[in-house]
Amino acid sequence: MTPEADANRVFIVEDEFMLVMLLEDLLPTLGYSVAGSAGSVEQALTDLEANEIDLAVVDVNLAGTESFPVADALRERGIPFLFTTGYGQQGMPARFADTPVLAKPYRRHDIQAALEQLQATQ
């Protein structure tokens with residue numbers, strides 16, 4: 001079994017192509033595998049059904065559409081996730097008050113620490 005086979009599978013919900021590419025390159029170096037990526041709410045909801053996911057990184061704003069339906073679906077499945085946003089905690093619905101929020105732009109250390117915290121909640 002390869003180390004990647006044991007890695008937590010991270011699903012990326014992000015509409016900025018460069019950030020998706022960055023995360024797809026970065027996550028394996030941090031000991032995670034990429035379960036897939038989606039750039040829209042519709043695609044993410046479809047992909048959630050098709051992929052095995054352990055953790056998720058969810059951008060709050062997907063081309064002007066809030067990603068809260070994706071967050072609701074992840075929560076229903078018991079999949080830990082964090083939000084990324086350029087706006088910080090403000091504007092987040094009360095039902096996500098306990099969800100970690102990673103402010104953009106973030107650095108390698110920031111995403112690593114946030115994913116480690118998520119992993120601890122599994």
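Student: M18, buried or exposed?
Tutor: M18 is exposed, at 60% relative accessible area. Buried is under 20%, exposed over 50%, partly exposed in between, with a 1.4 Å probe and protein chains only. This is a predicted model: local features need pLDDT of at least 70, side-chain atom pairs pLDDT 80 or more, while totals for chains, interfaces and linings use all residues. Residues are numbered from 1 along each chain as its sequence is written, and side-chain values use heavy atoms, without hydrogens or water.

Student: Where is M18 found?
Tutor: In helix α2, residues 17–29. Helices are DSSP runs of H or I, at least four residues; strands are runs of E, at least two; both are numbered from the N terminus.

Student: New topic. How many aromatic pairs?
Tutor: The count is 5. Rings of Phe, Tyr and Trp (its six-membered ring) pair with centres within 6.5 Å; planes under 30 degrees apart are stacked, over 60 edge-to-face, the rest tilted.

Student: Why is the pair F68 and F96 stacked?
Tutor: Their planes are at 25°, with centres 5.5 Å apart, so the pair counts as stacked. F68 lies in helix α4 (68–77) and F96 in the loop between β6 (81–85) and β7 (101–103), so the pair ties together parts 28 residues apart in sequence. Both F68 and F96 are buried.

Student: What about F83 and F96?
Tutor: That pair is edge-to-face: 5.3 Å centre to centre, 80° between planes. F83 sits in strand β6, 13 residues from F96. F83 is buried too.

Student: Which residues form the aromatic cluster?
Tutor: F68, F81, F83 and F96 form one cluster.
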